[in-house]
2 protein chains.
Amino acid sequence: MVTMRDVARVAQVSATTVSHVINKTRKVDPETERAVLEAIEATGYLSDGIGRSLRTGTTQTIGLAMSAISNPYFGTVVHAIERSISRAGYSLLLADTHDDPVRERRAVRDLLSHRVDAMVIAPSGEADSVLDALVQRRIPVVLIDRIPTRERPGVDAIGVVNEEPTARLVDHLAQIGHSRIATITSDPMLETTIERLSGYWNGIERNGLTRDEDLVQVGVRGSEETTDDAVATLLGLPEPPTAIVMGNNQVTIGTMAALQHHHMEAPRDMALVAFDDFPWANIFRPRLTAVSQPVDELGAGAVSMLLDRLADRDLPPRHRRLEPTLKHRESCGCTGLSTGT
Amino acid sequence: MVTMRDVARVAQVSATTVSHVINKTRKVDPETERAVLEAIEATGYLSDGIGRSLRTGTTQTIGLAMSAISNPYFGTVVHAIERSISRAGYSLLLADTHDDPVRERRAVRDLLSHRVDAMVIAPSGEADSVLDALVQRRIPVVLIDRIPTRERPGVDAIGVVNEEPTARLVDHLAQIGHSRIATITSDPMLETTIERLSGYWNGIERNGLTRDEDLVQVGVRGSEETTDDAVATLLGLPEPPTAIVMGNNQVTIGTMAALQHHHMEAPRDMALVAFDDFPWANIFRPRLTAVSQPVDELGAGAVSMLLDRLADRDLPPRHRRLEPTLKHRESCGCTGLSTGT
DNA sequence: TTGTATGCGTTATCAG
DNA sequence: CTGATAACGCATACAA
């Protein structure tokens, strides 16, 4: 490996000077500078981040801990985060939590071991102890997607409004005549699930519908079989639902597959509305009526908060809620007024 | 920050012993070990990868350089790679190339600066100089998706067979009666584009169709407007095509959107077949007849080759081709024999 | 079974 | 304007 000392030798200067040339951190004679630059070119020298990190205490690296499986927008989110981050001169270290508290703990440990300067986390339902440990180490953290009720010093959060938009979904179904409206959601420990469920109930109540626990299927971890069972249960009810609110993208996939098994089609046999949109929703049928998250903004917002906190760790914690957009399309079965893009 | 020396002080031993306890790298008195472990617990010590890396020369980090935009399977690939990699005790450092040679160079430099132990790259069409530099530094590299014609020492590659499967797509269209078969592809510099295009021509010729350059639309970078133009051009032909072979996922999205603008529907108004499948292809309509890549296997295979090479850098270069699967569904307009899953 | 000393590549401090 | 030196946290060769 070619080190700074090698460059220094070739350029006939001290390593100090080479360092200063590279980092533009003090005035150096143009002549000398040229010599150094040439030596760098000649040797093919590339500065070693490890050495620098050890010395400076910063790695210019941000850790991202989230579940690849659970988030169908995974790619988009990672991409949005990577873009903002690299623009700011940081690199992205990835760790998969699988939305499982144990693996989440491991993932964060790993990130910590690599000395990331800060982390973005999509916290599992039981992330408290992990977060507390992070707070104690005073490492900047931004929570994404799931916003905890409790605030922590040094921990920001960004996500969307979940409750009211879900209620609106129910409103809409009620307005077009549905009275048996079911909902299927995933992991009940997740903050998002809780909020969307609460929105569902609000919708049921404010539309004067009868509150029926049987219409609520809380899928465990949202695996496909579970969703299949959930749909079967709903269809087997004495008075089956005529509409379903799907709690997230994963559930939507499972639910639609299940309906297919039953040879049912939306919106003909079942009205369908979803929380979470699909990137290609407009090209394929049925065009899903869905609450769409501003994924790019979430990623960019997360990084922006992180950079703010990197600049001043004592900033009071901020929790940002972005407004999702209702994409009114066709799966709800109300054809007339489609506005979706 | 709590360092090894802190632990050593608390445990009343030397730093050396602490190191040995942590790494299980020499015999140590059970009593002493207990004391060290306790001290680690008490202090909340976490070993510093930076210090270790500087000393050992390895970072236990793998770099992944690919374009998030161009690859709709991005999430799946990253996930597959991350899984295999973390199982082997490595972490994943991400860099976006945007499929642009300049940004690719930057991405690789970044990764190199962070001293990744090895890299996985989805090379742009002009990656030669970058790859040569990597070879010179003797850093293990696996190319994914696009397999160069030239072999390089120390550089493995993994991807799918492109030519024959594309020809088969044409075969199928020809067999069900199409004679005006068009193709739309993206960046003509990419190895995959070249191979698929060649497969297209093979198909045209071996089915005795007339070779018509007008039916080939090579999209630049596959942006949506470009695809729109391509479709318009095709439809404006004196003898427009009745079927289209879409060269990749991105093109598929663009083409389907464009067809929609023209109020055309597959397979009614245009037979459609694609290279690259969609994760949710079965749930939405039209169910696309498509060549599907074994994405998980590609990721796992890439990592496996990387680990092999990490164990022995002098392994001869290997180029692996996996077989993609034809998912015969409905967009091709030949209903009878659908076999797709 | 344990400890001391050294150096990995860099940058900050201080001296010139 | 430039250079010598020490230190970041760790693992190892060597000594005890």
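Tutor: Helices (H or I, at least four residues) and strands (E, at least two) are DSSP runs, numbered from the N terminus. This is a predicted model, in which local features need pLDDT of at least 70 and side-chain atom pairs count only at pLDDT 80 or more, while totals for chains, interfaces and linings use all residues. Residues are numbered from 1 along each chain as its sequence is written, chains are lettered from A and ligands numbered from 1 in the order in which they are written, and side-chain values use heavy atoms, with hydrogens and water left out.

Student: Which element gives the largest share of the surface near DNA strand C?

Tutor: A residue is near a molecule or strand if one of its heavy atoms lies within 4 Å of it. Helix 4 of chain A gives the largest share of the surface near DNA strand C, with five residues. Of the 25 residues around DNA strand C, those that come nearest are Tyr45(A), Arg55(A), Thr16(B), Thr32(B) and Arg55(B).

Student: Which polar atoms of the protein side chains lie close to atoms of DNA strand C, and at what distances?

Tutor: A polar contact is a pair of N or O atoms within 3.5 Å; within protein, one must be able to donate a hydrogen and the other to accept it, and residues adjacent in sequence count only if both atoms are side-chain atoms. Here a side-chain N or O atom of Thr32(B) is 2.2 Å from a phosphate oxygen of DNA strand C. Two or more residues each are given to the surface near DNA strand C by helix 2 (15-23) and helix 4 (49-56) of chain A and by helix 2 (15-23) and helix 4 (49-56) of chain B.

Student: How many residues surround DNA strand D, and which are the closest?

Tutor: DNA strand D is surrounded by 26 residues, the closest being Thr17(A), Thr32(A), Tyr45(B), Arg52(B) and Arg55(B). Helix 4 of chain B gives the most to this surface, with five residues. A base nitrogen of DNA strand D lies 2.8 Å from a polar side-chain atom of Thr16(A), and a base oxygen is 3.2 Å from a side-chain N or O atom of Thr16(B). A phosphate oxygen of DNA strand D lies 3.2 Å from a polar side-chain atom of Asn23(B).

Student: Which UniProt annotation covers residues 2-56 of chain A?

Tutor: UniProt positions are given in the numbering used here, feature names are shortened, and annotations may be inferred rather than shown by experiment. The unreviewed UniProt entry annotates residues 2-56 of chain A as "domain: HTH lacI-type". Over these residues the chain is 71% helix and 0% strand, with the end C-alpha atoms 20 Å apart.

Student: Why is strand 9 of chain A described as largely enclosed?

Tutor: Buried means under 20% relative accessible area, exposed over 50%, partly exposed in between (1.4 Å probe, protein chains only). Five of the five residues of strand 9 (residues 271-275) of chain A are buried, so strand 9 is largely enclosed by the rest of the structure. In a regular strand the side chains alternate between the two faces of the sheet. In strand 9 of chain A, Ala271(A), Val273(A) and Phe275(A) point one way and Leu272(A) and Ala274(A) the other way, and all are buried.

Student: Which strands pair with strand 9 of chain A, and in what sense?

Tutor: Two strands pair if DSSP finds at least two bridges between them. Strand 8 (residues 243-246) of chain A pairs with strand 9 of chain A in the parallel sense over four bridges, and strand 10 (residues 289-292) of chain A pairs with strand 9 in the parallel sense over three bridges. Ala274(A) stands opposite Met246(A), and the bridge partner of Ala274(A) in strand 10 of chain A is Ala290(A).

Student: Where is Arg152(A) found, and is it buried or exposed?

Tutor: Arg152(A) is found in the loop between strand 4 (141-144) and strand 5 (155-160) of chain A. Arg152(A) is buried, with a relative accessible area of 4%. A polar contact of 3.1 Å joins its side chain to that of Asp128(A).
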